[in-house]
Amino acid sequence: MPKAFLERFEKEVSIDAYGAYKLDASLILQALHVLYQNDGYTFLVDMTAIDYLHQPSALRRFAIVYLLRDRLFSSVITLKIDVDETLAVDSIASLFKSANWAEREIWDQYGIHFKNHPNLKRILNHKEFIGHPLRKDYPITQGQLCHKSDDLMDEMTPRLKRKGIESHDALMFLNLGPAHPASHGTIRTFVALEAEMIRCAISEIGYLHRGFEKSCENHTYNQIIPYTDRLNYCSAILNNIAFAHAVEGILGIELPDRAQFIRVIIGELSRMIDHLVCLAAILVDMGALTNYWYLYNPRESVYDLLSKLTGARLTNSYMRIGGMSHDLYEGFEHDLHVCLKAIDTGVGDTLTLIEHNRIFHDRTQNVGIISQEEAINRSLSGPNLRACGVAYDLRVNAPYYHYESFDFDMALGSVGDVYDRIMVRFEEIRQSKRIIEQAMKRLPKGAVCVADRSISLPPKHEVYGNIEGLMNQFKLVFEGVKVPPCEAYRAIEGANGELGFFIVSDGSPKPYKVKVRPPCFYAMAAYPSIIEGGMIADAVLSLGSLNIIAGELDR
């Protein structure tokens with residue numbers, strides 16, 4: 001409970017129907033300062049806007065929502081402000097550095113201006129784009145081409161000035177990516193070099209924006225699940241789980257124990273292969289090709305298992321609202337044991353080569369350091385935050401699916417450098433294996449979906465055997481699950497950190513709005529400041545250690 005905040009703004013604050021603290025937009029900076037300094041809400045989870053154009057009961061067309069966690073990372077509070085006709089509110093980037101990109105995204109997608117923002121420009125859409133795609137009146141079929149690239153000097157010049165660099169004569173400007181395998185996706189980093197040292201850096205995430213959040217508004221909740229696969233495609237099932245978990249929270253349903261344990265098993269297996277990709281890629285970036293095969297080959301055995309279980313290798317679409325598409329197949333336990341053994345061997349062989357390797361240590365230790373305070377202020381999460389020594393893991397701080405009953409350790413670093421980010425992921429692979437083995441021993445029998453026929457499809461024998469089952473399936477497939485009116489946020493511990501969904505429901509089978517909280521987006525926002533003052537070669541390893549997945553950036 002934000003005690004100091006409620007005492008200070010007792011007369012100005014109200015609580016809306018969905019539990020959000022509402023206050024006047026002019027008070028937002030003051031309110032956040034009180035929450036930050038007095039109540040300990042120092043972690044900005046995410047922020048977004050809502051367009052109430054199609055909801056006549058709303059007093060204003062636009063509202064902005066701020067999600068914050070306390071120092072213990074166990075509770076989330078929601079602040080909400082209405083935006084008046086000026087479509088301008090105060091920027092909070094001076095308090096939370098992570099708000100810089102978050103506010104740029106809101107400006108880009110909704111056209112809401114943030115006063116005193118250091119660099120309010122488009123971030124998901126290209127600079128020639130006209131309009132704001134997440135507004136309810138934007139014509140979604142309107143395609144807009146980009147004819148000229150952005151030289152990014154409008155960002156570089158003021159950034160250099162803030163560092164006291166007025167003259168560019170001694171600097172060389174260089175693009176690191178996107179046309180380079182070490183840039184990981186469509187990421188472009190524009191750097192100002194003094195010899196081999198990076199004095200200043202600007203990152204651009206590229207323009208593969210496929211409109212995930214806009215597409216969600218035109219599909220039923222179960223139809224959205226295949227779209228979530230494409231967010232972090234290295235651990236697709238965790239995206240399925242996160243979205244289904246958020247919707248199920250609004251519905252107020254609890255999954256059968258067998259379904260919860262299966263989600264834990266498959267989710268932890270997905271975490272393991274995500275870490276394997278990250279570690280294999282960064283070791284290749286370092287020139288250690290042998291380790292790549294030690295780590296990547298076991299991942300193939302997991303893909304064979306997932307293909308057998310779900311019918312797809314990469315984007316599995318295995319989860320459903322209220323459960324999953326089907327139960328585990330016969331022989332799954334044996335195949336899982338083979339996969340875990342292969343991963344264990346690959347990790348062991350890799351660590352044998354690098355754990356005491358001087359070249360590995362020299363390339364990774366004291367490189368790309370992020371302090372605890374900086375990491376929290378930039379809203380880093382997952383292995384990137386735990387590498388700084390911050391004990392934040394939603395499986396521990398806000399457990400779900402019986403995680404509180406599993407015996408596992410939270411992997412923590414101490415320096416927050418590339419080395420810690422690598423070794424934390426190696427340790428998390430071990431811990432995920434421990435969780436999976438415990439879950440398999442405790443796996444109960446029973447259903448894998450809730451019995452509520454307004455949420456879950458009936459068994460096939462009922463569909464083919466009686467008219468009620470046939471009608472039930474027909475209505476659910478064509479109409480979808482109806483979610484009660486709500487504005488709610490719920491998250492799980494994804495492979496790269498807090499993976500959450502803020503969902504606005506109007507009671508129909510399709511969400512009024514979906515906002516994903518992708519951990520990679522905030523890690524990428526922090527990247528330029530991490531590499532400034534380092535060498536080009538260090539910038540490559542810093543990027544790899546953050547494990548940026550492009551699908552989470554542009555969505």
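Mentor: A helix is a DSSP run of H or I with at least four residues, numbered from the N terminus. The model before us is predicted.

Trainee: How much space lies in the second largest pocket, and which residues are closest to its centre?

Mentor: The second largest pocket holds about 470 Å³ of space. Its lining counts 20 residues, and Asn-100, Pro-118, Arg-159, Arg-162 and Arg-378 are the closest to the centre.

Trainee: Which elements give two or more residues to that lining?

Mentor: They are helix H3 (99-110), helix H4 (153-162), strand S10 (197-204) and helix H18 (519-531). H4 gives the most, with four residues.

Trainee: Why is S10 called a strand?

Mentor: A strand is a DSSP run of E with at least two residues. S10 covers 197-204, so it meets that cut-off.

Trainee: What makes Arg-159 a lining residue of the second largest pocket?

Mentor: A lining residue must have an atom within 4 Å of a pocket point. Arg-159 is listed in that lining, so it meets this condition.

Trainee: What is known of the largest pocket and its lining?

Mentor: About 590 Å³ of space lies within the largest pocket. Of its 26 lining residues, those nearest the centre include Arg-320 and Ser-456.

Trainee: Which element gives the most to the lining of the largest pocket?

Mentor: H6 does, with four residues. Strand S11 (319-320) and helix H17 (467-479) each supply at least two.

Conventions: Residues numbered from 1 in each chain as written. Predicted model: local features only at pLDDT ≥ 70, side-chain atom pairs only at ≥ 80, totals over all residues. Heavy atoms only, no water. 1 Å grid on protein atoms, 1.4 Å probe; cavity = no way out; pocket = protein on both sides within 12 Å on 5 of 7 lines; lining within 4 Å. Points joined across faces, edges and corners; volume = space filled by probe spheres on them.
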